[in-house]
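Please look over the sequence and the fold shown below.

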Amino acid sequence: MKKIIILLLGISLLCSCLKIDCEKNADLHRDEECIMILEKEPSTSQAYLDLYGVDMNTGKPCHCKANGRWWSTFRDNMSVGDTLIKRKGELVFYIHKKETILSFPWECEGKVYK
């Protein structure tokens with residue numbers, strides 16, 4: 001009986017450790033910023049964001065890099081020449097194409113965060 005109780009306690013502790021902290025992750029993404037005209041196709045061989053382009057404000061070359069996997073869910077929509085906008089403090093990533101603006105809000109556990 002003691003072994004079963006210890007096993008159940010261990011499983012409940014493991015499950016609580018694996019729970020995603022959506023608020024913490026949202027705060028991490030709010031700190032990120034990327035405003036550029038894309039000059040190089042995004043890599044499809046890595047899960048993380050690693051983009052090269054021209055800064056919209058300065059006209060100088062820039063590099064956007066982020067460790068979150070949110071970006072990888074819509075990188076297939078990015079093409080050279082697109083304007084990419086992810087403003088610090090916001091949880092929406094925009095891809096401006098010639099005739100369309102795509103927006104990708106950040107979601108966690110089925111909830112859209114702002």
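## Ring contacts, sheet and cavity

The charged end of K111 sits over the ring of Y113, 4.7 Å from the ring centre. A charge counts as sitting over a ring if NZ of Lys or CZ of Arg is within 6 Å of the ring centre and within 35 degrees of the ring normal.

This is a predicted model: local features need pLDDT of at least 70, side-chain atom pairs count only at pLDDT 80 or more, and totals for chains, interfaces and linings use all residues. Residues are numbered from 1 along each chain as its sequence is written, and side-chain values use heavy atoms, with hydrogens and water left out.

The structure holds 7 aromatic pairs. Rings of Phe, Tyr and Trp (its six-membered ring) pair if their centres lie within 6.5 Å; planes under 30 degrees apart count as stacked, over 60 as edge-to-face and the rest as tilted. The planes of W70 and W71 meet at 45°, so this pair is tilted, with ring centres 5.5 Å apart. W71 also pairs with F93, edge-to-face, at 4.9 Å centre to centre and 85° between the planes. That pair links distant parts of the chain, 22 residues apart: W71 is in the loop between β3 (61-66) and β4 (83-86), and F93 is in strand β5 (residues 92-96). Strands (E, at least two residues) are DSSP runs, numbered from the N terminus. One aromatic cluster is formed by W70, W71, F74, F93 and F104.

| Residue | Relative accessible area | Class |
|---|---|---|
| W70 | 9% | buried |
| W71 | 2% | buried |
| F93 | 0% | buried |

An open sheet of 6 strands runs in the order β3-β2-β1-β4-β5-β6, with antiparallel pairing. Two strands pair if DSSP finds at least two bridges between them. The edge strands, β3 and β6 (101-105), each pair on one side only. β3 pairs with β2 (residues 49-55) in the antiparallel sense over 6 bridges, and Y52 has H63 in β3 as its bridge partner.

The largest cavity is lined by P42, S43, Q46, Y48, L49, D50, L51, W71, S72 and R75. A cavity is a set of points on a 1 Å grid over the protein atoms alone where a 1.4 Å probe fits but cannot get out, and lining residues have an atom within 4 Å of a point.

Methods:
Buried < 20%, exposed > 50% of the residue type's maximum accessible area, 1.4 Å probe, protein only. Helix = DSSP H or I, 4+ residues; strand = E, 2+ residues; numbered from the N terminus. 1 Å grid on protein atoms, 1.4 Å probe; cavity = no way out; pocket = protein on both sides within 12 Å on 5 of 7 lines; lining within 4 Å.
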